Amino acid sequence: MTTTYTRDYWESALSGLTLEGRNFIDGHHRDAVSGETFTRIRPMDGRPGAQLARSSAADIDAAVASARHAFASGVWRHKDPAEKKRIMLRWAELIRAHGEELAMLETLDVGKPVLASLNVDVRLCADGIQYYGEMIDKLYDEIAPTGPNARALVRKVPLGVIGAITPWNYPMIIDAWKLGPAIAAGNSVVLKPAEQSSLSAIRLASLAVEAGLPAGVFNVVTGHGEEAGKPLALHMDVDMIAFTGSTEVGRLIMGYAAQSNVKRVALELGGKSPLVVFEDADLDAAASAVAWGCFYNSGETCHASTRLLVQRSVQDRLIAKIEAVTKSDIALGHPFEPSAQIGALIEEAHMEKVLGMIAAGEKEGAKRAFGAEQVMSETGGYYISPGVFVDMTNDMSLARQEIFGPVLAAIPFDTEEEALRLANDTIYGLAGAVFTTDMGRAHRFSEGLHAGTVWINTYDMSNFATPFGGFKQSGFGRDRSVHAIDKYCDYKTIWQQFG
Ligand code: NAD
């Protein structure tokens, strides 16, 4: 029987939900050593939500010690690969089986529609764990060419203890992008989720142990960046930090690695991705891609298509179509409403920051076509309607800064050469797209765009087989695909001489 998801359904599910906010260390829930907690405010209505452990260096020490012990004991990395695979596949199944619960936790924390949490975030999290689980018994090492009297094995070995620090916009998906390859490669992980969105991470960890992952292989420590993230990144017994978040904090992470044990870092950072529309493009397809690409998840997406470069001759027609698609298809609403396609922003301070950026942009002369206003304030939640600014130039603040809200800057151009120059004129290089029916131009342009992912006549399409990450100040290192495994391993040569 299929469930009909109504607002009442979710309200009643919420009343029976336990909000576990303690750390998960060595297979058990634990309060912070200090006993301190903090309250998460729900973005959907501004009401108090879960109480979470306010962790500090002492909690990080305990989690790293547990992760190190699990790694050194070999309880996971030396397990039969077929058994490791079975455990990860069981974990993926448990995530699916607890989908509604996880979706609710994600929505309470992040404010996105619960059906998006269920159908996108939970699904992709489970799929990610499954993808890397399936890989475990298919990874081979190498034998290097040598003379007949020697044999050189080139082994790919796990690094040890991985510190993962993740953001709040797609918590479960980004956690899976790190947990899947790091754990499949045989490492132990200490995850510090964003202070705004820790509930799903804590539940993922308890489900992992239920699936058979040995205690200590996956630990979660909650808390603030300076108090819990920094000691993790500075820790002398952590071998690598896999970070997703802002470029500003990514820069700090590199510094912490240098100041401590020269641990490796992989950084997935911010973006200001261009979507370029030529006058020969299918404008309906482009309008839909722009609207969903920029406004999905309320614009809180690192690779959101926030800069629309549009050939001047079609700007007005395209903007009219974007407005029509936005108003008809991308309904903003309470996250429990089944009709809602986008919900609240993450917190009040972030909403105020986005509104401040919009106001500053208007002072500079940005011309509003529609939207980009605070709405639904009577709910107590933090909502901004999707909005577009037109006739922009690429040097205006709305076209340069990562806003992380539902705000599109439309910049007209005249020639292909100008479009490419403007598209690349940003400190970021995460993603981009080109819409044209001229395939020669599409490929020329996609080669010229300096971005980790370039889409042709579409936006935000991907699967686990494709690497994801950025160039320039969008970071380095790639999540997803078989290549992500390499990030969590290193090569070890074992040379045996016979003669
Ligand atoms: P953020 O950088 O503020 O925080 C990210 C994480 O870092 C959080 O867990 C936070 O607690 C922690 N942190 C903060 N200060 C720290 C410190 N001094 N030391 C150690 N850890 C610290 O980012 P956010 O606001 O959570 O997320 C939004 C940002 O993430 C945007 O810039 C967005 O583009 C980026 N992002 C990038 C990708 C990608 O794949 N490239 C994906 C999602 C989000």
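In this predicted model, the shell around the ligand takes at least three residues from each of domain 1 (11-269 + 475-493) and domain 2 (274-463); the domain bounds come from an automatic or database assignment. Residues are numbered from 1 along each chain as its sequence is written, and side-chain values use heavy atoms, without hydrogens or water. Local features need pLDDT of at least 70, side-chain atom pairs count only at pLDDT 80 or more, and totals for chains, interfaces and linings use all residues.

The ligand is surrounded by 30 residues, each with a heavy atom within 4 Å of it. Lys 192, Glu 195, Ser 246, Leu 269 and Glu 402 are the closest. By class, the shell holds 16 nonpolar, 8 polar and 6 charged residues.

Polar contacts are pairs of N or O atoms within 3.5 Å. The side chain of Lys 192 places an N or O atom 2.6 Å from a ligand oxygen. A backbone N or O atom of Thr 166 lies 2.8 Å from an oxygen atom of the ligand. At Tyr 256, a side-chain N or O atom is 3.0 Å from a ligand nitrogen. The protein covers 90% of the 840 Å² of accessible area that the ligand has on its own (Shrake-Rupley method, 1.4 Å probe).

Conventions: Polar contact = N/O pair within 3.5 Å; in protein donor to acceptor, adjacent residues only side chain to side chain. Nonpolar A, V, L, I, M, F, W, Y, C, P; charged D, E, K, R; others polar.
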